[in-house]
Amino acid sequence: MIISASRRTDIPAFYGRWLLNRLREGHALVRNPFHFQQVRRVSLDPRQVDCLVFWTKNPAPLLPYLPEIERLGHRFYFHYTLTACNRDLEPLLPPREERIAAFCALAEQIGPHRVLWRFDPIVFTGRQGSQAVLGEFAALAARLRRHTRQCIVSFVTLYAKCRRNLAGQDLSAVDDGEKMAFVGNLVEIAASHGIELHACCDSFFNGPGGIGTARCIDDRLVSTISGQTVQISKDKGQRPGCGCAASVDIGAYDTCPHGCRYCYANAGERAVAANWAAHDPRSPILSGALTGQERIIEWTDAPLRPRQYALPMGGSLQSGSVCPSSGWGRSNGQGLDSADD
């Protein structure tokens, strides 16, 4: 079983203490966003969890907790988003230089193969056209070249929430010819810095761009990190074209205070403020409290296995360095819903 933490919110930036408490306790409660009274109790026992996948724009608050997370027996890797977007679109993020420094520090701590760079979404505006975005990508690639091995890209998808949050942002339309030239330049720049490019659910990249489909939740990478073969079925709950293995998300929508205008996970500032105020790091659920009317459902189909030994940061287990086990069951369960992306 792979735990996603989280496509719905930035747990490393804002909820690290809560996460550590949940890992110590061995479970988290996750409310189904489409069925309020349905709550799932998700096992976080390291004998049942193959890997934690973190999604973040600022991992710095979580860095002090990583040694304990490893000592608890967990393996993990990061999706780290660094885009070309300016303050119009990312108004509340720390300064870019701080985020680049955090990226490099994280890669030095756990290894560049465990830090995936997301240049995602790509947004063109009147102030930042395709050439400006390309220049930002080139500058970032030069800074990150020794600190990551792959970059995941996609053009912005205008979901209903995104359209609402992007109102008044002077978005620019780009024709297919310009997009093709842009993608070709991205590939060339990335390759020059030893970075492999992958596309996240973007048919344009997978067509004329010739870029492979990303596996953001990647059981192959999990196998490399753990030193054991991990095979998990494809996540049927994601968008068409998604290459991800199945995972269980422990986050919640409308809880990320970053305020990025292109975000699909926040309905608006009021909802985020209310949920942030309701957060208690000691609670088993990320935001709010149980009402007593919920139906709690146990959520794991992964059997127990011998606990993994802790590793020094940046290491990877070799075959045989985990207590021997045969017949490990692998989760092929779905996430809570079909709208994580």
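Helices (H or I, at least four residues) and strands (E, at least two) are taken here as DSSP runs, numbered from the N terminus. The structure is a predicted model, in which local features need pLDDT of at least 70 and side-chain atom pairs count only at pLDDT 80 or more, while totals for chains, interfaces and linings use all residues. Residues are numbered from 1 along each chain as its sequence is written, and side-chain values use heavy atoms, with hydrogens and water left out.

The confidence of the model comes first. The predictor's confidence in each residue, pLDDT, runs from 0 to 100. Its average over the protein is 86, and 86% of the residues score at least 70. Residues 315-341 are a stretch to treat separately: pLDDT stays under 50 there, and the model has 83 contacts beyond four places in sequence for these residues. Contact means heavy atoms within 4.5 Å. Among contacts between residues at least 6 apart in sequence, 77% join residues at least 24 apart.

The secondary structure comprises 10 helices and 11 strands. Of the 341 residues in the protein, 55% are buried, where buried means under 20% relative accessible area, exposed over 50%, and partly exposed in between (1.4 Å probe, protein chains only).

Eight strands form an open sheet with parallel pairing, in the order S9-S8-S7-S6-S5-S4-S1-S10. Two strands count as paired if DSSP finds at least two bridges between them. At the edges lie strand S9 (212-213) and strand S10 (248-249), each of which pairs on one side only. Within the sheet, strand S6 (residues 115-122) and strand S7 (residues 150-155) run parallel and are joined by four bridges.

Most residues other than glycine have a negative phi, and most peptide bonds are trans. A cis peptide bond links Ala5 and Ser6, with omega about -5 degrees. Ser6 sits in the loop between strand S1 (2-5) and helix H1 (11-14). The bond from Asp120 to Pro121 is also cis, with omega near 10 degrees, and Pro121 belongs to strand S6. A positive phi, near 50 degrees, is found at Cys201, a residue other than glycine. Cys201 is placed in the loop between strand S8 (196-199) and helix H8 (203-206), and is buried, with a relative accessible area of 17%. Asp254 is not a glycine either, yet has a positive phi of about 60 degrees. The loop between S10 and H10 holds Asp254, which counts as buried at 16% relative accessibility.

Grid points are joined across faces, edges and corners, and a volume is the space filled by probe spheres set on the points.

Two cavities of 30 Å³ or more are found in the whole structure. The largest cavity has a volume of about 580 Å³. Its lining has 30 residues, with Arg7, Lys57, Asp120, Tyr262 and Tyr264 nearest the centre. Strand S4 (51-56), S6 and S7 are the elements that give two or more residues to this lining, and S6 gives the most, with three. By class, the lining of the largest cavity has 13 nonpolar, nine polar and eight charged residues; Ala, Val, Leu, Ile, Met, Phe, Trp, Tyr, Cys and Pro count as nonpolar, Asp, Glu, Lys and Arg as charged, and the others, Gly among them, as polar.

Arg31, Phe36, Ala252, Tyr253 and Ser287 are the closest to its centre among the 21 residues that line it. Strand S2 (27-32) and helix H10 (269-277) each supply at least two lining residues, and the largest share, four residues, comes from S2. The lining of the largest pocket divides into 11 nonpolar, six polar and four charged residues.

The second largest pocket holds about 250 Å³ of space. Of its 14 lining residues, Gly259, Asn266, Gly268, Glu269 and Val272 are the closest to the centre. The largest share of this lining, four residues, comes from H10.

Technical notes: 1 Å grid on protein atoms, 1.4 Å probe; cavity = no way out; pocket = protein on both sides within 12 Å on 5 of 7 lines; lining within 4 Å.
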